[in-house]
Amino acid sequence: MSYKTKLKIGEFSQLMQVTIKTLRFYEQKGLLLPDEVDQWTGYRYYSLKQMQKLENIRELQKLGFSLDEIKDLFDDDTHIPSESQLSEKIDETEKMLNKLIIRRDKLLLWKNSRKEINQMEKFSIQSLPEIIVASHREIIPNYEALGNLCCNIIGPEMQHLGCKCPVPGYCFTIEHNKEYQPTNIDIEYCEQVEEMGQDSSIIQFKKISAVKTAICMKHYGPYDQFYKSYTELFKYIEEQGYEIVGSPRYSYVDGIWNQENPDKWLTIIQVPVEKK
């Protein structure tokens, strides 16, 4: 009589590098039953047959088959998927691969954009293309309210409307006050989107015209300290022989959403200009 290997569940777990919890789960699903259960002790014993079956389960999982699909294969007395099942998995894998490629390309674009911002000199001269934006205009009590407005009101509403934003994202504000006001600031928040959507009570969609030339300056710090950058910025504009022809944009790169310390908030001040 040939010898038959009998392994207790702990031994089988250790040798096959699978947790006992997983083995019990497989048993509950009827996917991998012990070869033998002692009726007196309740001990579960596994054999070479279960080792081979577990290897098959792992291999099929690597190929994208769910546990329910694998169970169906075993119930049908086969461990080998049919040609149509394999074709279906190939199609699913290709779709997943395409999504991953799109994700990778967007992440690379975002990474390169961040690198460009980090390498950007304090001042730069850029052109700003025509874009479609989701816009929200409101009178806020102070600059501190801007973070809450963006994160808890505008953001959720854009998500509700199904807005798709290009990567890297581009959002900015324009102030409509005719003079400085520390409170009751008339501000318009704009975030670039891929296409026009249906207006709501919070969001309106519109096109923002291109700006042929803009002087851009990095500003680190809270939003109520933009004034600290303006003396230097206006001096640079004058030295370069430009004059201001439009309202400044405040483009937000780092803020309350990813930096707790306001001193690390990065805003790019973009001022439309023309040569004198």
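The largest cavity is lined by Leu146, Gly147, Cys150, Tyr223, Tyr252 and Trp257. A cavity is a set of points on a 1 Å grid over the protein atoms alone where a 1.4 Å probe fits but cannot get out, and lining residues have an atom within 4 Å of a point. This is a predicted model, in which local features need pLDDT of at least 70, side-chain atom pairs count only at pLDDT 80 or more, and totals for chains, interfaces and linings use all residues. Residues are numbered from 1 along each chain as its sequence is written, and side-chain values use heavy atoms, without hydrogens and water.

Helix H6 (residues 145-160) contributes the most to this lining, with 3 residues; helices are DSSP runs (H or I) of at least four residues and strands (E) of at least two, numbered from the N terminus.

Asp186 belongs to strand E7 (residues 185-193). The side chain of Asp186 forms a polar contact with the side chain of Arg137 at 2.7 Å (a pair of N or O atoms within 3.5 Å, one able to donate a hydrogen and the other to accept it).

The number of disulfides is 0, a disulfide being a pair of cysteine sulfur atoms within 2.5 Å.

| Cysteine | Nearest cysteine sulfur | Distance |
|---|---|---|
| Cys151 | Cys150 | 6.3 Å |
| Cys165 | Cys163 | 6.3 Å |

Accessibility is described by relative accessible area (buried under 20%, exposed over 50%, partly exposed in between; 1.4 Å probe, protein chains only). Cys151 is partly exposed at 38%, Cys165 is partly exposed at 29%, and Asp186 is buried at 14%.

Key. 1 Å grid on protein atoms, 1.4 Å probe; cavity = no way out; pocket = protein on both sides within 12 Å on 5 of 7 lines; lining within 4 Å.
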